[in-house]
Amino acid sequence: MSLSFAVLTALLAIGLLALVFGVVLGFAAVKFKVESDPLVEQIDQILPQTQCGQCGYPGCKPYAEAIANGDEINKCPPGGDVTIKKLADLMGVEPKSLDAAHGQEDIKKVAYIREDECIGCTKCIQACPVDAILGAAKQMHTVIVDECTGCDLCVDPCPVDCIDMLPVTNNTSTWRWNIDAIPIKQVG
Amino acid sequence: MQNSFEDIIEKLDNHELWDFPGGVFPAERKTLSNQTPIVRAAIPKHLYVTVKQHIGVEGQIIVDVGQKVLKGQALTKSMNPFAVPIHAPTSGEITAIHKHVSAHPSGLPELTIEISSDQEDKWTKLYPLIDYQNQPKIQVLTAICDAGISGMGGAGFPTHIKSSPKKDVDFLIINGIECEPYITSDDRLMREHAWQIRQGIDVLYHLLQPKHVLIAIENNKPEAIEALQVACRENANYRVCIVPTKYPAGGEKQLIQVLTNREVPAQGLPVDVGVIMHNVGTCFAIADAVFSGKPLIERVVTVTGESIENPGNMWTLIGSPVAHLLTHYEYKQTGQKRPNIIMGGPMMGFSVTSDLVPVVKTTNCILVPTDNEIADNNEQSCIRCSACADVCPASLLPQQLFWHSKAKELDKAQEYNLFDCIECGACAYVCPSEIPLVHYYRIAKSEIRLEQEDKQKSDKARVRFEKREARLIAEQQIRDEKHRLAAEARRHAMKSNGNTAKDKIAAAIARAKAKKQSTNIVDEKPIELAEVPLANKSEQDAEADASTKVSSSNQRVQAAIARAKAKKAAAEVIIAPIGMKVDLDADDLTENKCKTKQQNNVVLNSSPAAKVNSTESNIAVEPTETEEQQIDMKKHRIAAAVAKAKAKKIAKIEATIKENKPS
């Protein structure tokens with residue numbers, strides 16, 4: 001009698017505990033629900049956000065999702081080796097060299113519209129992934145340099161080829177202290 | 001726990017001070033240049049005034065190329081709290097506004113206003129603010145900002161911002177330390193212009209209302225100490241503090257530590273510990289601006305080094321090229337294998353890239369050493385002696401920073417507080433392996449700064465991209481919704497009234513028919529054209545009428561042309577006696593009347609005068625003249641028909657043009 005009572009109490013106690021924890025966990029799952037996959041967010045933070053599509057995905061976020069689902073990390077030419085290294089650290093894989101099929105790492109560039117040649121077709125405006133081109137139909141267009149990611153996507157649609165990709169010029173605030181590169185001029 | 005105000009005053013009363021960690025004692029070499037008074041040299045022919053000479057943003061240029069400017073005239077306007085204007089250092093003409101080599105280690109060109117001086121040195125009108133004590137503070141601050149004053153000790157922080165803190169100030173510290181070897185510009189300024197420096201301190205005192213003013217001078221400048229002690233004798237709140245000579249005692253954070261034992265927090269400002277610090281040169285400039293209205297257009301620059309024949313200090317116009325100073329002080333190249341001009345001191349200065357580099361508001365020294373004076377850059381491996389850590393005034397670990405900076409492990413370098421490094425160069429000075437440590441730190445700092453900028457930019461790009469995607473989706477949804485509603489409305493209309501569609505088709509067919517008919521009329525019966533509108537009205541609906549109206553008005557014009565042509569033709573063909581009648585006939589024809597009516601019309605439509613004539617002669621003449629008249633009529637009709645055909649042709653061409661052209 002006492003034995004079966006003890007077994008019953010134990011079962012009851014364990015069962016109660018299981019119920020309590022079940023309720024707590026169930027509540028926590030609802031209350032502290034993570035909105036989206038944090039890994040995708042982290043990868044997206046690392047990617048350079050040029051939205052150029054050279055990786056084969058329509059933007060950086062889709063590529064971030066693809067990486068989270070197991071795609072290669074070496075498909076981003078604008079990010080280059082720095083980005084690959086960071087992604088490798090995050091994903092816990094070995095860093096690889098950039099996949100040449102997706103392009104070469106290049107110096108930073110921004111789009112520039114030769115304004116007197118622009119015919120105002122708005123095709124580049126539609127192509128720009130970050131709304132960095134200003135203009136209206138039959139009006140001259142221009143690039144907001146500060147917003148341009150240098151993705152290259154506006155160059156092809158231009159019917160009159162008036163868009164150049166110019167390298168970003170260095171100034172005193174973006175100089176990297178590469179002092180050896182200073183040309184020494186004769187004094188006196 | 002930071003020392004209280006009373007504790008600090010008590011200690012200062014006992015002529016005691018604290019100390020900062022580390023520090024070095026390099027050879028001072030100050031006697032090279034501090035033995036002679038400050039001189040004033042000739043005005044250079046060309047001045048290169050860099051638009052941005054301070055920390056912050058550049059002002060807006062308000063002058064044009066070719067414009068004549070007077071000495072002290074503003075060249076830029078402050079549009080932003082962090083913008084400080086620049087002024088013309090002398091009178092002359094603006095010859096160019098372009099990019100010119102800058103007073104920066106990179107030497108990269110920056111926007112510069114080039115002035116060719118007229119050697120007249122004519123001042124613009126100045127507006128002093130002598131009764132500044134009775135003026136609102138904002139007025140005084142504006143005067144300081146408009147005079148283009150930014151910190152003259154080194155960093156170039158806008159003075160008006162530093163002079164309007166949000167927190168209470170215990171100590172206003174006036175920095176006359178000048179701890180870097182060779183430099184003596186502040187020393188000479190204090191010796192010769194102590195009175196005006198005190199006036200500047202008075203203005204700052206009025207603005208900041210500190211509890212106490214500490215004027216800190218190193219003990220290697222006894223003359224300057226004495227001069228300022230005399231100048232500040234009357235004011236009990238001003239105290240000249242004699243600080244032991246040690247490099248870098250003149251660093252802002254280090255000097256605060258020496259005088260108050262308070263430590264400025266990392267990423268913090270001196271005002272966080274109740275201290276504001278200004279350089280003596282800045283005080284002098286403030287006094288100039290407030291008491292005589294003069295903007296900051298000149299400063300004392302030490303030109304020294306063993307490659308200079310007779311070193312000294314010089315009142316130099318801002319924008320003077322370095323070459324101008326070197327000419328004045330006689331640069332001799334004998335001691336240098338390769339020309340090497342250093343802007344700033346030997347510890348923190350940088351080699352300039354060209355002798356056309358202009359003097360800016362923060363330039364305190366031009367050092368031209370011989371090759372023996374300055375150690376060669378002969379970098380060897382680190383031997384881990386940790387001498388650098390012993391001398392670091394910020395108590396950092398220079399060795400660790402060096403490893404991480406060199407390996408580009410930027411986050412680790414930041415973990416070792418890279419950004420607390422004041423780049424004083426003490427570590428590099430003591431390094432037995434002659435490693436240019438500060439250089440590595442600067443590279444790492446700029447890399448981190450740029451990486452942060454890139455990060456900000458990419459964040460912005462992400463937001464813009466996401467906003468754009470959202471916008472495109474929303475637009476697509478709106479479009480789809482519109483299409484759906486329109487389709488629904490169509491379907492509804494079809495259902496509720498099945499006949500209307502049929503009616504519409506019938507109406508359209510009727511319209512088409514009417515159109516065809518009207519074009520037939522135009523083609524075949526031009527004479528009846530005038531009647532077409534009426535017929536149309538009775539037969540067709542309003543829309544058809546509208547379409548024909550266009551053609552009818554066109555026809556009217558053509559009819560008028562035809563009338564005129566017929567008239568002309570008639571005038572040519574018909575002989576004088578029956579001219580009147582024929583004229584009338586021609587008119588009738590062009591009025592599109594029938595052939596049969598003609599005879600009657602001649603009589604009916606003739607004018608009263610003609611009527612009288614005809615009634616008199618008609619009965620007698622008519623039988624005899626009928627034949628002749630008929631022949632004439634025929635001829636005349638042919639002429640009229642030809643004219644009409646021409647008119648029709650023109651009408652047709654015009655109609656086709658009109659059809660092609662959308663209205």
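Reply: In this predicted model, helix α4 of chain B, residues 185-208, meets helix α7 of chain B, residues 280-291, with axes that come within 7 Å and cross at roughly 55°. Angles from 65 to 115 degrees count as roughly perpendicular and those under 35 degrees as roughly parallel; α4(B) and α7(B) are therefore oblique to each other. Their crossing is left-handed. On the side of α4(B), the contact is formed by Asp186(B), Leu189(B), Met190(B), His193(B), Gln196(B), Ile197(B), Gln199(B), Gly200(B), Ile201(B), Val203(B) and Leu204(B). From α7(B) come Val280(B), Gly281(B), Cys283(B), Phe284(B), Ile286(B), Ala287(B), Val290(B) and Phe291(B). Sorted by class, the residues of this contact are 13 nonpolar, five polar and one charged.

Helix α4(B) also packs against helix α5 of chain B, residues 222-231, at an angle of about 5°, and the two axes are 8 Å apart. With such an angle, α4(B) and α5(B) are therefore roughly parallel to each other. Here α4(B) contributes Asp187(B), Met190(B), Arg191(B), Ala194(B), Trp195(B), Ile197(B) and Arg198(B). Facing them in α5(B) are Glu223(B), Ala224(B), Ala227(B), Leu228(B), Val230(B) and Ala231(B). This contact has nine nonpolar residues, no polar ones and four charged ones.

Among the contacts in chain B between residues at least 6 apart in sequence, 71% join residues at least 24 apart. In the loop between β10 (238-243) and α6 (252-260) of chain B lies Pro248(B), which is joined to Tyr247(B) by a cis peptide bond with omega of about 0°. In the loop between β7 (109-117) and α2 (137-146) of chain B lies Asp121(B). Asp121(B) is not a glycine, yet its phi is positive, at about 55°. A residue is buried if 20 or more other C-beta atoms lie within 10 Å of its own, and exposed if 12 or fewer do; Asp121(B), with 14 such neighbours, therefore counts as partly exposed.

Chain B also touches chain A: 26 residues of chain B are in contact with 24 residues of chain A. On the side of chain B, helix α13 (residues 437-496) gives the most, with 12 residues. The residues on that side divide into nine nonpolar, 10 polar and seven charged.

In helix α3 of chain A, residues 60-68, the buried residues are Cys60(A), Lys61(A), Tyr63(A), Ala64(A) and Ile67(A). These residues lie on the same side of α3(A) because they cover an arc of only 160° around the axis. Their packing partners are α2 (38-46) and α4 (80-91) of chain A. Just after α3(A), Gly70(A) adopts a positive phi of about 105°.

The loop between α3 and α4 of chain A contains Asn74(A). Asn74(A) has 22 C-beta neighbours inside 10 Å and so counts as buried. Leaving aside residues up to four places away in sequence, Asn74(A) touches Ile84(A), Lys96(A), Ser97(A), Leu98(A) and Asp99(A). From C-alpha to C-alpha, Asn74(A) is 13 Å from Gly53(A) in space, and the two are 21 residues apart in sequence.

Helix α4 of chain A includes Lys85(A), which is partly exposed, with 14 other C-beta atoms within 10 Å. Lys85(A) and Val130(A) are 45 residues apart in sequence, and their C-alpha atoms are 26 Å apart in space. Asp131(A) occupies the loop between α5 (123-127) and β2 (133-134) of chain A. Its phi is near 55°, a positive value in a residue other than glycine. With 15 other C-beta atoms within 10 Å, Asp131(A) is partly exposed.

Note on methods:
Residues numbered from 1 in each chain as written. Chains lettered and ligands numbered in written order. Predicted model: local features only at pLDDT ≥ 70, side-chain atom pairs only at ≥ 80, totals over all residues. Axes fitted to C-alpha atoms, helices over the stretch in contact; angles between N-to-C directions. Helix = DSSP H or I, 4+ residues; strand = E, 2+ residues; numbered from the N terminus. Parallel < 35°, antiparallel > 145°, perpendicular 65-115°, else oblique. Left-handed = near helix turned anticlockwise from the far one by under 90°. Contact = placed C-beta atoms within 7 Å. Nonpolar A, V, L, I, M, F, W, Y, C, P; charged D, E, K, R; others polar. Arc of directions from axis to C-beta.
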